[in-house]
Amino acid sequence: MACQNWEDRPHSPDSARDDDGPEDSYLGQYLARTAASAAPGESSRRISQPDILPEVPPEPKATPLPPRGQLVFGSDFECGNLGQVACIREGAYDLQIRPDSNNPRHRVWFYFGVRNHRKGQSVVFNITNLSKTKSLFRVGMTPMAMTTSKPSWERLPSRTCFYYRSPRHSMNYVLSFVYTFETEGDVHYFAYCYPYTYTQLQHYLHLLEARDLPFLQRSLLARSLQHRRLDLLSIASPDPPPCGGKKKVVYMTARIHPGETPASFVMHGIIDFLTSPDPVAMILRRYIEFRLVPMLNPDGVFTGNYRCNPLGIDLNRYWADDGEWACPELNAVKNQCAELALSSDKELAMFIDIHAHSTNLNAFCFANMTSSDPKELEKEVHFLRLLDLTAREFSLSASRFCMDASKAGTGRRALQDLLSGITGAKCYTLETSFFAYQSFGSQPVPFTQPSYVELGRNVGRTFIEYFKLPKPHSRGT
């Protein structure tokens, strides 16, 4: 039985439009779909977020196909990742993940499509070269699946997925899952987790700009190595803070590791909340300026890497370096944080870098141990305590101080060192499980796209308590 790959379409930076103009055909289709979902007479400019429509890859070009039932695989689309395919027997396929660009160490993220199946055909897919042996697949996580006829991602049933040491693969860990094609003629997609593409982000930012919000500014912070946008959102009332003095700034970034897609959904929720008419959001905008970089590694995201940029560099180990040519995104953020630290009218109060975690449950934080003084350490933990009270998905008990020498190049550590002695900004890494959250004594609850987004909204809500701002409807608002 033969396997045939889809016609190659290289991962070119020109494959995703960078001019952000309204003539973008994908954007037009997205806006049309969004408008169609609105109530009669409602403008698409007013559609509330988060309305996260999945980015369905373009249909593969028509090519001669083998007899139906001989599957055809492809990953030549944005964020796609699939390396080699081998049909080991009828109805069973060994698949290998393509390593990150110029870095063979990282093989976790996968995202591919399958077509030319028969209705009712059952197959076994074996992913044989995962680079991490410790995995959430051990505790019930399963891959995601979607079809062109039903464009909504769903987790595969746990009874169909197996993670085990395989004697046939030198006792390496293998992820196997059984899948039955219920329809014929469409394309079925499989992914490690919910995809969130560079193009999806650009669509969302276009919709935000179309609302003409007086407190929102979108700007181009830098260009990536492959000339994609590094977007910066500034969210704040244009008026000075009611209490006078410097306006505090909270800086947040996401997707420095491109395969950690939950980070984008959390950031989506943060943006959605901070730009909403929610009374808490309105107060936050009066007192605080939020600067958000939603996608810090756009090239890695577009290419379908798990951790690295196109040069094979794990950017979250290079914050302390001065590699302006190799890491223009990091330099742009560091320079802006340094400017804020020295500003006469603004005070950088917090930096949060949002990630996803492949081995732990829950959302949790890594914090810096900036002092051995218990009172100072309590200040580091204060925001985490408040978030634990606000978000059921967040676990204070799973959070920890981390001063491991191998993490010195992370954003949390390097920016703390950069700002030390200049500002009292707190720096955190916010991690979110790829799989589920769990309360004490209960069964894990798998994350969904809406629950990731809700976690982001709760992060936003927590700032009103942290900065001790007036509550809605209370005196002084």
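Student: What is the volume of the largest cavity?

Tutor: A cavity is, on a 1 Å grid over the protein atoms alone, a set of points where a 1.4 Å probe fits but cannot get out; grid points are joined across faces, edges and corners, and the volume is the space filled by probe spheres set on the points. In this structure the largest cavity has a volume of about 70 Å³, and a search of the whole structure finds five cavities of 30 Å³ or more. This is a predicted model, in which local features need pLDDT of at least 70 and side-chain atom pairs count only at pLDDT 80 or more, while totals for chains, interfaces and linings use all residues. Residues are numbered from 1 along each chain as its sequence is written, and side-chain values use heavy atoms, with hydrogens and water left out.

Student: Which residues line the largest cavity?

Tutor: Lining residues have an atom within 4 Å of a point, and here they are R107, V108, L130, S131, K132, K134, S135, F137, Y163, Y192 and S358. By class, the lining has five nonpolar, three polar and three charged residues, where Ala, Val, Leu, Ile, Met, Phe, Trp, Tyr, Cys and Pro count as nonpolar, Asp, Glu, Lys and Arg as charged, and the others, Gly among them, as polar.

Student: How many salt bridges does a search of the whole structure find?

Tutor: Side chains of opposite charge can pair when their charged atoms come close. With a salt bridge taken as a side-chain nitrogen of Lys or Arg within 4 Å of a carboxyl oxygen of Asp or Glu, the search finds 19. Among them, the side chains of D299 and R228 meet at 2.9 Å, N to O. That pair links distant parts of the chain, 71 residues apart, with D299 in helix α5 (residues 298-303) and R228 in the loop between β12 (216-223) and β13 (229-235); helices (H or I, at least four residues) and strands (E, at least two) are DSSP runs, numbered from the N terminus.

Student: Are D299 and R228 buried or exposed?

Tutor: Both D299 and R228 are buried, a term that means under 20% relative accessible area, against over 50% for exposed and in between for partly exposed (1.4 Å probe, protein chains only).

Student: Which residue forms a salt bridge with K346?

Tutor: The partner of K346 is E289, with the closest N and O atoms 2.9 Å apart. Because K346 lies in strand β16 (residues 346-357) and E289 in strand β15 (residues 288-293), the pair ties together parts that are 57 residues apart in sequence. K346 is partly exposed at 22% relative accessibility, whereas E289 is buried at 7%.

Conventions:
1 Å grid on protein atoms, 1.4 Å probe; cavity = no way out; pocket = protein on both sides within 12 Å on 5 of 7 lines; lining within 4 Å.
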